[in-house]
Amino acid sequence: MRRMMYYEEKKGETMGKKYVAYVGTYTEGNEEKGLYIFDVDLENGTLILRDAIVEQNPAHLCISHNKQNLYVTSDLGVIAYRILPDGGLEELNRRWIGGIRGCYLSTDSADRHLFIAGFYDGRVTSMCLEADGRVGEIADAVFHKGVGKTVGRRNISPHVNCVTLTPDEKYLCAVDNGLDCVKVYDFDAVSGKINMVDIIHLPLEAAPRHMIFSEDGKFAYIISELLSEIEVYAYADLGDVPSFERIQSISSKGPEDLGASAGSEIMLSPDNRFLVCSNAGLNSASMYARNMESGLLTYLGCGRVGGQYPKTFAIFPDGEHLASLNYDSNEITFFHFIMEHSGFLECARPVSIQNPNSIALVEIEE
């Protein structure tokens, strides 16, 4: 009952607010619209298509911390858009990133630098951002080096899959899917320069995919693709070096799921009380309660997402709805969290969209 009352209060906070969602896709070389703009229907937990932009493979995107700009990968680099008051997009500029097309984007809290993960070339790139949100020059770039521990194509060479700053913004963490590690770089907030100071080694052939931090900055969560596990780390800054202490390893799938699985995405609920992850192969999403003091996870339940290969997902601002981007079945499916049963139920018709790959939501003016 207490949990239901809490979420009724959170739902009340989002009522009356308006949001849009941006969805990036792989166009596979076709001259088709690839970047989509949706209005968010919070009450029914679904998306309503508003507009689309023709762009080749705008597969990955992120919104600036000031909510004024959207950054999108493309075949030739990265594109900066201004987010208009109604949620529409106005292109500002586009820049070459100095390497092969990126697969993940993030920014610092001051929106002075843009970070790009290179899956195909194992490159970490830091780019300057102008005051108006335009992408500037390359500040620094590092190619990961090394050889994986398997003869498989995926895990024999560097594949940077995610780049994210620690909450104190002292370090940039680069998750390497191919080398089974996270390389940690000292980050100069003025120049944008990076310098490696530590490596977090994950289990052999884990293939780490994404890394997130709790809002209080004390804990990090990493989902592994091949082992289908979530690694929990306690994080602290020791002055001139970071400290990552592994405190838990827990399966990303339910105990009843014995089939082949690949961990895909990991995300915290808006209030940080719950963690949700998705699993390809099983085409499922698992939910965990998060201890706010210890950072540890407790498995609550798992459900099918109604499509194939849930590449990523979005938790709606009300904390009660989830949109799953099912890459192989070309659709977005929608679910309502049933908190008292620690699960979720399908709540709206799927939206057809070719190869959906990433999504970001932002509040806009009424």
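**Charged pairs and cores**

Analyst: Happy to. A search of the whole structure turns up 12 salt bridges, a salt bridge being a side-chain nitrogen of Lys or Arg within 4 Å of a carboxyl oxygen of Asp or Glu.

User: What kind of model is this, and how are residues numbered?

Analyst: This is a predicted model, where local features need pLDDT of at least 70, side-chain atom pairs count only at pLDDT 80 or more, and totals for chains, interfaces and linings use all residues. Residues are numbered from 1 along each chain as its sequence is written, and side-chain values use heavy atoms, with hydrogens and water left out.

User: Which residue does aspartate 237 form a salt bridge with?

Analyst: Its partner is lysine 170, with the closest N and O atoms 2.4 Å apart. The pair links distant parts of the chain, 67 residues apart: aspartate 237 is in strand 18 (residues 229-237), while lysine 170 is in the loop between strand 12 (160-165) and strand 13 (171-176). Strands here are DSSP runs (E, at least two residues), numbered from the N terminus.

User: Is aspartate 237 buried or partly exposed?

Analyst: Partly exposed, at 25% relative accessibility. Lysine 170 is partly exposed too, at 35%. Buried means under 20% relative accessible area, exposed means over 50%, and partly exposed is in between (1.4 Å probe, protein chains only).

User: And what does glutamate 91 pair with?

Analyst: Glutamate 91 meets arginine 94 in a salt bridge, 3.0 Å from N to O. Glu55, Glu91 and Arg94 are linked in a network of salt bridges.

User: How about glutamate 90, which residue is its partner?

Analyst: That's arginine 82, and their closest N and O atoms are 3.3 Å apart. Glutamate 90 has a relative accessible area of 36%, and arginine 82 comes in at 29%.

User: Switching topic: how many residues are in the largest nonpolar core?

Analyst: It has 19 residues, and Val23, Phe38, Leu47, Ile332 and Phe334 have the most contacts inside it. A nonpolar core is a set of buried Ala, Val, Leu, Ile, Met, Phe, Trp, Tyr and Cys residues joined through side-chain atoms within 4.5 Å.

User: Which strands supply at least two residues each?

Analyst: Strand 1 (18-25), strand 2 (33-41), strand 3 (46-54), strand 25 (321-326), strand 26 (331-338) and strand 27 (343-352).

User: What is phenylalanine 38 in contact with?

Analyst: Leaving aside neighbours within four places in sequence, its contacts (heavy atoms within 4.5 Å) include Tyr19, Val23, Leu47 and Val351.

User: What about another core?

Analyst: Apart from the largest one lies a core of 16 residues, among them Val184, Ile200, Leu202 and Tyr233.

Terms used:
Helix = DSSP H or I, 4+ residues; strand = E, 2+ residues; numbered from the N terminus.
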